[in-house]
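This briefing sets out selected local features of one structure, grouped by topic. The sequence and the model come next, and the notes follow.

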Amino acid sequence: MADQLHDAVMKALSTVIEPELHRDIVTLNMVRDLSVADGVARFTIVLTTPACPLKDVIFKTAEQAVLNVPGVTKIEVKWDSSVPADRRIHGRMSLPIRNIIAVGSGKGGVGKTSISVNLAVSLAKEGARVGLMDADILTPNVPIMLGLTHGRPMVKDGKIMPFEVYGIKAISMGFMIDPDKAMVWRGPMLNSAIRQFFNDVDWDRDIDYMIVDLPPGTGDAPLSLAQAVPLSGAIIVSQPQDVAIGDALRSISMFEQLSVPILGIVENMAGDLFGSGGGERLANEKNVPFLGRIPLDVEIRKGGDMGRPVVISQPESATAQAFRRFARDVAARVSVLQLTSSDVIPLNVIG
Ligand SMILES: Nc1ncnc2c1ncn2[C@@H]1O[C@H](COP(=O)(O)OP(=O)(O)O)[C@@H](O)[C@H]1O
Ligand SMILES: [Mg+2]
């Protein structure tokens, strides 16, 4: 009798479709530890990211389905998550990193570093394990925006320890060198610096998302990065004005040439001054996802200058909420990318 109820609930759950993966949650192996007692069905749902934008939808659909089973009057769901890993990174390179996401743009000053920092911190606030790598070797701005302008990273057992701040782990050339000394780096040095960031830094636990803040343009850095490690995807930062579109286009085609999937375009500094819509139009035109807009907000700049990201200093502001939506969208798209690029279901294979 109890077994029949168990099976009936499982059958009901197998009608619940994960809205983005387009398969049911039982086939996707997302349902765990199901038990039914005294009319209460208890189970765990393992999401593909702690930053899942679809949690509520999945809960409601599951509740509806299960309450249709005679004998069940209530569901109790526990949530867990296991971020699918890019097999090329985890397997072939054996780095403790599940996904590497590059943040790029055609030109400087569009807000790559601000977006990278607030994205990383937003993902960490959702419960993900996040690394932030400053690949802008010549003018590293990540340290300022994280308030880490003093001190050098420790070296332990021959490995460089990343800084831990606001729930993320970060590494930057700005931690290593005197910011007043102008740096003259040539291509090969850039290359080895980026490789060192992956291989010689102690990313001791499994990083779900490694966010890489790129310098502007389509020069050596993205190329070095793409040669050093497999990139799971790229985010293009654009501004609302149409004049910015040409730069974004160059950035998109560069990543396409490097065979890096475009996760989408985010429009930064949207608002009265610059208008809005350019990024979305471009996304439609290029048939890539639009990841939303981040408003023009002086608090972003203040937060950057003070080393306290706006998603920390003003977590309930409209701007922080825009970052949260953006971060969830990015996380969901990474999951879709990983789970649709392979027929095997990687949930928990390395967990
Ligand atoms: N949405 C925004 N609203 C207001 N100021 C912003 C916004 N995004 C970035 N900024 C500011 O614009 C400047 C350039 O941003 P930054 O993130 O350094 O750009 P990039 O890394 O692309 O060169 C910084 O002073 C930053 O604080
Ligand atoms: Mg920058």
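D33 is found in strand β1 (residues 31–37), where strands (E, at least two residues) and helices (H or I, at least four) are DSSP runs numbered from the N terminus. The model is predicted: local features need pLDDT of at least 70, side-chain atom pairs count only at pLDDT 80 or more, and totals for chains, interfaces and linings use all residues. Residues are numbered from 1 along each chain as its sequence is written, and chains are lettered from A and ligands numbered from 1 in the order in which they are written.

**Positive phi outside glycine**

- D33 is not a glycine, yet its phi is positive, about 55°.
- D33 counts as exposed because it has 10 C-beta neighbours inside 10 Å; a residue is exposed with 12 or fewer other C-beta atoms within 10 Å of its own, buried with 20 or more, and partly exposed in between, with C-beta atoms placed from the backbone.
- Y166, also not a glycine, has a positive phi of about 50°.
- Y166 sits in the loop between β8 (163–165) and β9 (168–172).
- Y166 counts as buried, because 20 C-beta neighbours lie inside 10 Å.

**Shell around ligand 1**

- Ligand 1 is surrounded by 19 residues, and the closest are G111, K112, T113, S114 and R301; a residue is near a molecule if its C-beta atom, placed from the backbone, lies within 6 Å of it.
- At least two shell residues come from each of α4 (112–125), β12 (262–270) and α10 (298–306).
- Helix α10 gives the most to this shell, with 4 residues.
- The shell has 7 nonpolar, 9 polar and 3 charged residues; Ala, Val, Leu, Ile, Met, Phe, Trp, Tyr, Cys and Pro count as nonpolar, Asp, Glu, Lys and Arg as charged, and the others, Gly among them, as polar.

**Helix α10**

- In α10, the buried residues are I300, G303 and G304.
- These buried residues line one face of α10, because they fall within an arc of 100° seen down the helix axis; the arc is that of the directions from the axis to the C-beta atoms.
- V298 and D305 are exposed, on the face of α10 turned away from its buried side.
- Helices α4, α5 (142–145), α11 (310–313) and α12 (318–340) are what the buried residues of α10 pack against, with contact taken as C-beta atoms, placed from the backbone, within 7 Å.
- G307 follows α10 and has a positive phi, near 75°.

**Helix α9**

- G278, G279, L282 and A283 are buried in helix α9 (residues 278–286).
- Down the axis of α9 its buried residues fall within an arc of 135°, so they line one face of the helix.
- N284 and E285 are exposed on the other side of α9.
- The packing partners of the buried residues of α9 are β11 (233–238), α8 (245–257), β12 and β13 (290–295).
- N287 follows α9, and its phi is positive, near 60°.

**Strands β2 and β3**

- Strands β2 (residues 40–47) and β3 (residues 74–81) pair in the parallel sense over 8 bridges; two strands pair if DSSP finds at least two bridges between them.
- A41 has I75 in β3 as its bridge partner.
- A right-handed β-α-β unit is made by β2, helix α2 (residues 55–67) and β3; a crossover is right-handed if, with the strands pointing away from the viewer, the path from the first strand over the helix to the second runs clockwise.

**Strand β10**

- Strand β10 (residues 209–213) is mostly covered, with 5 of its 5 residues buried.
- In a regular strand the side chains alternate between the two faces of the sheet.
- Y209, I211 and D213 point one way from β10, M210 and V212 point the other way, and all are buried.
- Strand β4 (residues 100–104) pairs with β10 in the parallel sense over 4 bridges, and A102 has V212 as its bridge partner in β10.
- Strand β5 (residues 130–134) also pairs with β10 in the parallel sense, over 5 bridges, and L132 has I211 as its bridge partner in β10.

**Residue L223**

- L223 is found in helix α7 (residues 220–228).
- L223 is partly exposed, with 17 other C-beta atoms within 10 Å.
- L223 and F255 lie 32 residues apart in sequence and 9.0 Å apart in space, C-alpha to C-alpha.

Conventions:
Contact = placed C-beta atoms within 7 Å.
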